[in-house]
Protein chains: 2
Amino acid sequence: MRSMKLFRKWTVSLALALCVGLIAFHPANARDRDLASWNDGPARHAIIEFVRSTTDKSSPNYIAPDERIATFDNDGTLWSEQPMYVQGLFALDRVKMLSSQHPEWKTQEPFASILKGDLKAALAGGDKALLEIMMATHAGMTTDEFQKIVTDWISTAKNPVTKRPVLEMVYQPMVELLAYLREHGYKTFIVSGGGIEFMRPWAEKVYGVPPEQVVGSSIKTKYELQDGKSVLVRLPELNFIDDKGGKPVGINQHIGRRPVAAFGNSDGDQQMLEYTTAGIGGARLAMLVLHDDKVREFAYGPANGLPDSHVGTFSQALYDEAKQRGWIVISMQKDWKRIFPPGH
Amino acid sequence: MRSMKLFRKWTVSLALALCVGLIAFHPANARDRDLASWNDGPARHAIIEFVRSTTDKSSPNYIAPDERIATFDNDGTLWSEQPMYVQGLFALDRVKMLSSQHPEWKTQEPFASILKGDLKAALAGGDKALLEIMMATHAGMTTDEFQKIVTDWISTAKNPVTKRPVLEMVYQPMVELLAYLREHGYKTFIVSGGGIEFMRPWAEKVYGVPPEQVVGSSIKTKYELQDGKSVLVRLPELNFIDDKGGKPVGINQHIGRRPVAAFGNSDGDQQMLEYTTAGIGGARLAMLVLHDDKVREFAYGPANGLPDSHVGTFSQALYDEAKQRGWIVISMQKDWKRIFPPGH
């Protein structure tokens, strides 16, 4: 009898070990571990449950692979946007680089102030000054030349506060989320107020998002044959602003389908999240990153009860709409185990 | 000795049979059979050789999967465009359908002439008249509503000359070519002067091209919350003309990569084919469909020595450029075994 009991005990243990083993190596769980930089909390749960229920054919929330469109804002959602948008740093560096070709900038605003290092004075001219800076630094070359300029610049660019490479200030939990969604048949798009041609040169390497899945703001281009070579010249003229109400417009123009999941962090993303969820049946996932981690990144914005930093504003009104519509607010402090990629 | 010889003969035969078998069932050959509606000739050969050399890792012409972008014009390249663009038929039908809501159209040009069935008089007003017709019939509803309008219309629309459903007048060889390229890792895009929202509702079903891979002309849209539902309203204002020099612009805007293969049929495709080939190293494939089959489809255009039909003009200048740049002109008469899908 004793040996029989012992045998049973062993059998049960073995069965348990096998079960544990099977659970541990079940693909779904293997994938869940991909969200390794997310703390076990409501945000992570919501992602896993959304993906599970929309990819399970027996679920009433099932979404066909073709319709699995997920859109991500970039600045403040996929990488740091403080103390200013990375593209702003690029524009300022370009002004300095180009100044020898533009002696008139020494006395001409907003360039004179930039060259003196007085950003506040440079931006005192408002949108007009900003547009002048953008056009002087982003237009006048071919698209191929611009791609090379951006690729070269971004490989060495550093955040002025942390002194860390800007490409190392992408959010590891969001990089994992992009990959997790793709593993489950989702097509991931960037939909950013930033320049479409500023993001494309590095978005595939950094986020796994190819050029044709990047939507952004743009200037006009013009087709030309130059010495028998076919080129597009970047013109100093706005084409499209992919922000606020422009995000659903850009999504429709580029993707032609309504997303079923959308991720943002500011008032500029409000309409994209509405377009994804408002008045729509079926399972939808909408999330907003709240910058509330002063120690590991930055803390800013009215939704945190902090002053408006004018970059990536997350207003109290957006916070209230999120609560009312069931959008999930991601607390960087509570929901993220780590913020930046390991090894940095 | 005799038996040895016999044995050898058998062995050789067996080896040959195995080789032949292997060749016959090699995937590349299985795929070649997919171009079944192409006659064995220079056009079909060029396609197969291009695909072979760009997908063979040991070939100097190898192209990485990410860069395998192929763009196709639609009207006259993927389906019939005579006696007028299908979208033109749609606009005329819409004028008739909407006329009860617009009693003023009875006396107001260009609508009055359309309602009287006098298309020539209606179009006498030139581009201004055309734009008025387009805006009156394509704007003023949400994008979701327009999608339904197009889907409903196209399911019953017929070509006025052949009386056949317009969706059955797609070119079977080109449908096979789209599939053949995709089977070899190419991403296929439509790049058409036609309306992007006019093509998307049916392009996936008919061509296997999803909405996010359709590039076309567009009008502006505006984001709105209507009774809590998030919509885009189509405005009577031109946004973008995806024709001639606009095609490379549209390709860069939507795809962000230069195509390595491009297919067209008219002067409107000239710049797209240049953008794909001119001044570029590496293997590139550029082809133009020549409408020279009066019996099975239509024959028109200066490149055929025929009068300009003003729809899908293939000028002598384009023909000369094609010869000079090594673009392949597809003769519908000689290169295509069948023109329309079987069973119709």
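Predicted model: local features only at pLDDT ≥ 70, side-chain atom pairs only at ≥ 80, totals over all residues.

Modeller: Helix 3 of chain A covers residues 42-55 and helix 9 of chain A covers residues 172-183; the two pack at an angle of about 15 degrees, and their axes are 11 Å apart. Because angles under 35 degrees count as roughly parallel, helix 3 of chain A is roughly parallel to helix 9 of chain A. The crossing of helix 3 of chain A with helix 9 of chain A is right-handed.

A second pair in chain A may be set beside it. Helix 4 (residues 86-98) and helix 7 (residues 126-138) of chain A pack at an angle of about 65 degrees, with axes 9 Å apart. Since 65 to 115 degrees counts as roughly perpendicular, helix 4 of chain A is roughly perpendicular to helix 7 of chain A. Their crossing is left-handed. On the side of helix 4 of chain A, the contact is made by A:Gln87, A:Phe90, A:Ala91, A:Arg94, A:Val95 and A:Leu98, which meet A:Ile133, A:Met134, A:Ala136, A:Thr137 and A:His138 in helix 7 of chain A. This contact has seven nonpolar residues, three polar residues and one charged residue.

In chain B, helix 4 (residues 86-98) has 13 residues, which at 1.5 Å a residue should span 18 Å; the C-alpha atoms at its ends are 18 Å apart, so expectation and model agree. Buried residues of helix 4 of chain B are B:Val86, B:Gln87, B:Leu89, B:Phe90, B:Ala91, B:Leu92, B:Arg94, B:Val95 and B:Leu98. Among the elements that cover these buried residues are helix 5 (111-115), helix 7 (126-138), helix 8 (143-154) and strand 2 (187-195) of chain B.

Leaving aside residues up to four places away in sequence, A:Lys187 touches A:Arg68, A:Ile69, A:Ala70 and A:Gln213, together with B:Glu212 and B:Gln213. A:Lys187 and A:Asp320 are 133 residues apart in sequence, and their C-alpha atoms are 29 Å apart in space.

Terms used: Residues numbered from 1 in each chain as written. Chains lettered and ligands numbered in written order. Heavy atoms only, no water. Axes fitted to C-alpha atoms, helices over the stretch in contact; angles between N-to-C directions. Helix = DSSP H or I, 4+ residues; strand = E, 2+ residues; numbered from the N terminus. Parallel < 35°, antiparallel > 145°, perpendicular 65-115°, else oblique. Left-handed = near helix turned anticlockwise from the far one by under 90°. Expected span 1.5 Å × (residues − 1). Buried < 20%, exposed > 50% of the residue type's maximum accessible area, 1.4 Å probe, protein only. Contact = heavy atoms within 4.5 Å. Nonpolar A, V, L, I, M, F, W, Y, C, P; charged D, E, K, R; others polar.
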